[in-house]
Amino acid sequence: MPGARRKPRPSPAIDARAPHVATEAVVERQGEESARVLYAAFAEYNARFFEGKLGSPLILITQAQSLRTLGDYVARDVLGLESRIRISPKAVNLGDRFAADVLLHEMIHAWQHEIDHDSEPGYRGHGPKFARECNRITATLYPSVPAPAGAEVILVSPVGVKRREGLPDCAHWPMSVRPPGYYPKPFKTPRRKPEQTPVDALQRVLSLLPRLDAPALEKLTAAVSRERAARVAG
Ligand SMILES: [Zn+2]
């Protein structure tokens, strides 16, 4: 009955990975090709890049947090399921190679939570430690790529670091380091807009002023007053 409280039961020890193991077995037996490819890729990447240290995967092909998101990792969801990875149907539609790359990205988030115990919340997960893992794996994937000068090889730079010096952003790794034509369907890593400071915004308005005629200028002035009034009120 909704709302009725059940008597607390004696809680036997639970194996938090049991749903993962069961799901994996179902996928292997009766899953569609795209799902089997992902589970096989997880096993391969876990052995190859993470010394097999990641726990059994729970990979779901379902819409991630937002429509723009290609995949996500949740350390523990509302159901209590741990280390759950969602790969969006959009990513799957871009082909097996692409979906496997989204998975590899999420596996670094799993590594952060399960092994490193630091999800770098200050960088929304994509901090220096995440970037270091990307670089470590990139070096394995493309050993012939010459490392830039300097002992600490940073091929991919963390999000939020002010001077990225033209390096690809680790929030879009490994897509950002794949050669052109790697995916059957073209994919462009989205470029982040540079941060807009109030000074930038003001300069943009000032640059527009000479191009405005009197009615347009009047409209702009009215819009600014309305905005100002709304902000003062809010
Ligand atoms: Zn990420």
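Me: Of the contacts between residues at least 6 apart in sequence, what share joins residues at least 24 apart?
Reply: 52% of them do, with contact meaning C-beta atoms, placed from the backbone, within 7 Å. This is a predicted model, where local features need pLDDT of at least 70 and side-chain atom pairs 80 or more, while totals for chains, interfaces and linings use all residues. Numbering starts from 1 along each chain as its sequence is written.

Me: How many helices and strands in the chain?
Reply: Seven helices and three strands, counted as DSSP runs numbered from the N terminus (helices H or I, at least four residues; strands E, at least two). From the N terminus the order is α-α-β-β-β-α-α-α-α-α.

Me: Switching to H5, which residues are buried there?
Reply: Phe130, Ala131, Glu133, Cys134, Asn135, Ile137 and Thr138. Buried means 20 or more other C-beta atoms within 10 Å of the residue's own, with C-beta atoms placed from the backbone.

Me: And what covers them?
Reply: The cover includes helix H2 (33-49) and helix H4 (96-116).

Me: How do H4 and H5 cross?
Reply: Their axes, lines fitted to C-alpha atoms over the stretch in contact, come within 10 Å and cross at roughly 115°; that angle is taken between N-to-C directions on a scale from 0 to 180 degrees.

Me: Which residues make that contact?
Reply: Ile108, Trp111, Gln112 and Asp116 from H4, and Lys129, Phe130, Glu133 and Cys134 from H5.

Technical notes
A residue is buried if 20 or more other C-beta atoms lie within 10 Å of its own, exposed if 12 or fewer, and partly exposed in between; C-beta atoms are placed from the backbone. Two residues are in contact if their C-beta atoms, placed from the backbone, lie within 7 Å.
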